[in-house]
Amino acid sequence: LCLMQAKALISSSIECIDPKLSGKKALDLMDQYRINHLAIVKDNYYQGILSRNEILSWESTENKISKYSSSLASAHVKSDQHLFDIIEVLEKNSLSIVPVIENDNKYFGVITIEKLIHTIAKSVTIQSIGGIIVLEMNSRDYTLTEIASIVESYNTKILSSYVISNPNSTKIDLTLKLDKEDISAIVKDFERRGYQVSASFKNDNTSDDQSIERYESLLRFLNP
């Protein structure tokens with residue numbers, strides 16, 4: 001579990017920047033690290049996060065960062081937060097890095113998208129051969145116990161599950177990674193029981209078009 005926590009995912013190669021330095025210096029560091037954000041840190045304490053677009057909107061990039069301290073975003077994660085929490089903060093704030101802090105706001109470091117991707121790719125559940133099923137349902141109908149019972153009735157185990165919710169909807173997407181490649185019978189059983197299977201994927205060439213589209217979208221995200 002600790003390998004999925006923020007403190008184990010920090011990139012040692014990315015520097016923070018002191019607010020007394022200029023926007024131009026921050027842009028130079030962003031270019032050097034190929035990122036669009038930097039953590040602003042003063043005396044080892046986290047002040048906020050600064051984006052490339054913000055700097056480019058200033059009257060002059062020669063201005064000191066401290067001039068804009070009051071408008072800095074505060075997005076961050078704590079050192080013991082899980083991989084899924086980190087992904088959520090990245091996605092919600094459209095970040096290229098996530099600052100990591102302790103409870104007293106002491107700066108710990110940053111996590112990059114590349115580090116997250118590397119960690120996910122090395123995950124046992126990602127590397128394990130098996131099928132993927134995505135179920136769409138109302139959040140009030142979500143019962144993992146019932147879903148697991150259906151899967152296990154086919155002598156199959158759920159290796160991992162992930163819920164994605166839409167704040168503007170009562171619907172959720174539940175993604176299941178299973179330890180069996182042939183999942184067609186399980187998919188049919190879900191459909192027979194009234195579940196909406198929005199996508200399914202297995203390790204052969206018979207994946208449905210929607211699964212292929214989602215897979216290609218993932219590749220585009222990993223290789224912008």
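This is a predicted model: local features need pLDDT of at least 70, side-chain atom pairs count only at pLDDT 80 or more; totals for chains, interfaces and linings use all residues.
Residues are numbered from 1 along each chain as its sequence is written, and side-chain values use heavy atoms, with hydrogens and water left out.

Now for the overall make-up. The protein chain has eight helices and nine strands; these are DSSP runs numbered from the N terminus, with helices being H or I of at least four residues and strands being E of at least two. Of its 224 residues, 37% count as buried, where buried means under 20% relative accessible area, exposed means over 50%, and partly exposed is in between (1.4 Å probe, protein chains only). Take the contacts (heavy atoms within 4.5 Å) with a separation of 6 or more: residues 24 or more positions apart account for 57% of them.

Let's go inside. The largest nonpolar core has 37 residues, and Leu50 and Ile86 are those with the most contacts inside it. A core here is a set of buried Ala, Val, Leu, Ile, Met, Phe, Trp, Tyr and Cys residues joined through side-chain atoms within 4.5 Å. The elements that give two or more residues to this core are helix H1 (23-33), strand S1 (37-42), strand S2 (45-51), helix H3 (83-93), strand S4 (97-101) and strand S5 (107-112). H1 gives the most, with five residues. Leaving aside residues up to four places away in sequence, Leu50 touches Ala26, Met30, Asn36, His37, Leu38, Ile40, Ile55, Trp58, Ile65 and Leu72. Apart from this core lies another, of 16 residues, among them Leu135, Ile183, Val187 and Phe190.

Stay with S2 for a moment. Ser51 is found in this strand and is buried, with a relative accessible area of 12%. Not counting residues up to four places away in sequence, Ser51 touches Met30, Asn36 and His37. Then look at the loop between S1 and S2, where Asp43 sits along with Asn44. Asp43 has a positive phi of about 55° although it is not a glycine, and Asn44, also a residue other than glycine, has a positive phi near 70°. Asp43 counts as exposed at 62% relative accessibility, whereas Asn44 counts as partly exposed at 38%.

Four strands form an open sheet in the order S7-S8-S6-S9, with antiparallel pairing; two strands pair if DSSP finds at least two bridges between them. Strand S7 (158-165) and strand S9 (196-201) stand at the edges with a single partner strand each, so one side of each is left without a neighbour in the sheet. From one strand to the next, the twist averages 20°. Strand S6 (residues 132-138) and strand S8 (residues 171-178) pair in the antiparallel sense over seven bridges, and Ile133 stands opposite Leu176 in S8. Helix H6 (residues 144-152) lies across S6, S7 and S8, running at about 140° to S7; axes are lines fitted to C-alpha atoms, for helices over the stretch in contact, and angles run from 0 to 180 degrees between N-to-C directions.

Two residues are worth a visit here. Asn138 lies in strand S6 and is buried, with a relative accessible area of 16%. A polar contact of 3.2 Å joins its side chain to that of Thr170. Such a contact is a pair of N or O atoms within 3.5 Å; within protein, one must be able to donate a hydrogen and the other to accept it, and residues adjacent in sequence count only if both atoms are side-chain atoms.

The other is Tyr195, in the loop between helix H7 (184-192) and S9, which counts as buried at 12% relative accessibility. Not counting residues up to four places away in sequence, Tyr195 touches Leu135, Met137, Glu146, Ile147, Ile150 and Phe190. With Glu146 there is also a side-chain polar contact, at 2.4 Å.
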